[in-house]
Amino acid sequence: MARKRAVLTTLIKRIEVRADRIDLHLHPPRLAALLDGPDTPPQGADDEETELLSLPVGLCRAGREIRMVIDGTDPFATAKPNARLVKLLLRAHRFNAALTQGEGVAFAALAQREGVSRSYFTRLVRLSYLAPDITQAILDGRQPRDLTPEKLIEHSRLPLAWHDQRIVLGFG
């Protein structure tokens with residue numbers, strides 16, 4: 001434990017914890033010296049030189065406590081699409097297709113044919129107008145951690161501007 005602490009205090013000059021990120025101020029010359037071995041002094045490097053490593057974080061309520069969550073810590077992890085979100089988007093596009101190809105069929109009749117209320121039908125049709133990059137991110141499993149099907153339906157009255165949609169849903 002003492003050795004790990006010594007290594008970390010040698011490498012890290014300062015850590016700043018902020019509401020939206022954690023900033024690590026590192027000593028790159030010391031890291032190079034550590035990796036190359038104790039006999040190799042850093043060549044032409046200023047020992048006080050620092051490099052900033054910034055990690056985005058978010059605060060997440062978990063019961064009565066609030067936790068700081070660091071997203072994207074494993075660059076080798078494969079994204080896994082949320083099946084419920086994907087199903088919701090597919091249904092939204094199917095509802096939109098039914099609406100555009102309905103040729104005068106009443107809105108209420110389309111909702112009834114799909115077995116849902118008019119309100120739910122409307123909310124889902126709106127989701128078919130998400131920004132293409134948001135839709136693709138959801139299909140790829142790259143959506144924000146807190147974006148659930150419930151949250152997406154709750155925010156179905158999204159702004160038409162794609163930039164604003166990204167902000168509301170946590171992509172921007």
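## What covers α6

What covers the buried residues of α6? The cover includes α3, α7 (149-154) and α8 (162-169). This is a predicted model.

The buried residues of α6 are I134, T135, A137 and I138. Viewed down the axis of α6, they fall within an arc of 160 degrees, so they line one face of the helix. After α6 comes G141. G141 has a positive phi, near 85 degrees.

## The chain as a whole

The protein chain has eight helices and four strands. From the N terminus, the order of elements is α-β-β-α-β-β-α-α-α-α-α-α.

Of the 172 residues in the protein chain, 27% are buried. Now take the contacts between residues at least 6 apart in sequence. Of these, 56% join residues at least 24 apart.

## α3 against α6

Helix α3 covers residues 83-100, and helix α6 covers residues 132-140. The two pack at an angle of about 140 degrees. Their axes are 8 Å apart. Angles over 145 degrees count as roughly antiparallel and 65 to 115 as roughly perpendicular, and α3 and α6 are therefore oblique to each other. Their crossing is left-handed.

Which residues make the contact? From α3 come L85, V86 and L89. From α6 come T135, I138 and L139. By class, the contact of α3 with α6 holds five nonpolar residues, one polar residue and no charged residues. Two of the α6 residues in this contact, T135 and I138, are also among the buried residues of α6.

## α6 against α8

Helix α6 also packs on α8, at an angle of about 40 degrees. The axes of α6 and α8 are 9 Å apart. That angle makes α6 oblique to α8.

On the α6 side, the contact is made by P132, D133 and I134. On the α8 side, W162, Q165, R166 and L169 take part. The residues of the contact of α6 with α8 divide into four nonpolar, one polar and two charged. I134 of α6 belongs to this contact and is buried.

## Q165 in α8

Q165 lies in helix α8. Is Q165 buried or exposed? Q165 has a relative accessible area of 3%. Buried means under 20%, so Q165 is buried.

Which residues does Q165 touch, leaving aside its neighbours within four places in sequence? They are Y129, L130, A131, I134, L158, P159 and L160. One of these, I134, is a buried residue of α6.

K80 and P81 can be taken together. K80 is in the loop between β4 and α3. P81 lies in the loop between β4 (65-70) and α3. K80 has a relative accessible area of 72% and is exposed. P81 has a relative accessible area of 36% and is partly exposed.

Where does this loop meet later parts of the chain? Leaving aside neighbours within four places in sequence, P81 is in contact with V86, I138, L139, D140 and G141. V86 and I138 also take part in the contact of α3 with α6. G141, with its positive phi, follows α6.

P81 and Q143 are 62 residues apart along the chain, yet their C-alpha atoms are separated by 8.4 Å. K80 and L139 are 59 residues apart in sequence and 9.0 Å apart in space, C-alpha to C-alpha.

## α3 against α4

Helix α4 (residues 107-114) is another partner of α3. The axes of α3 and α4 come within 10 Å and cross at roughly 140 degrees. α3 and α4 are therefore oblique to each other. The crossing of α3 past α4 is right-handed, whereas that of α3 and α6 is left-handed.

In α3, the residues that meet α4 are R91, R94, F95, A98 and L99. In α4, they are F107, L110, R113 and E114. The contact of α3 with α4 has five nonpolar, no polar and four charged residues. The contact of α3 with α6, by comparison, has five nonpolar, one polar and no charged residues.

Note on methods:
Residues numbered from 1 in each chain as written. Predicted model: local features only at pLDDT ≥ 70, side-chain atom pairs only at ≥ 80, totals over all residues. Heavy atoms only, no water. Axes fitted to C-alpha atoms, helices over the stretch in contact; angles between N-to-C directions. Parallel < 35°, antiparallel > 145°, perpendicular 65-115°, else oblique. Left-handed = near helix turned anticlockwise from the far one by under 90°. Contact = heavy atoms within 4.5 Å. Nonpolar A, V, L, I, M, F, W, Y, C, P; charged D, E, K, R; others polar. Buried < 20%, exposed > 50% of the residue type's maximum accessible area, 1.4 Å probe, protein only. Arc of directions from axis to C-beta.
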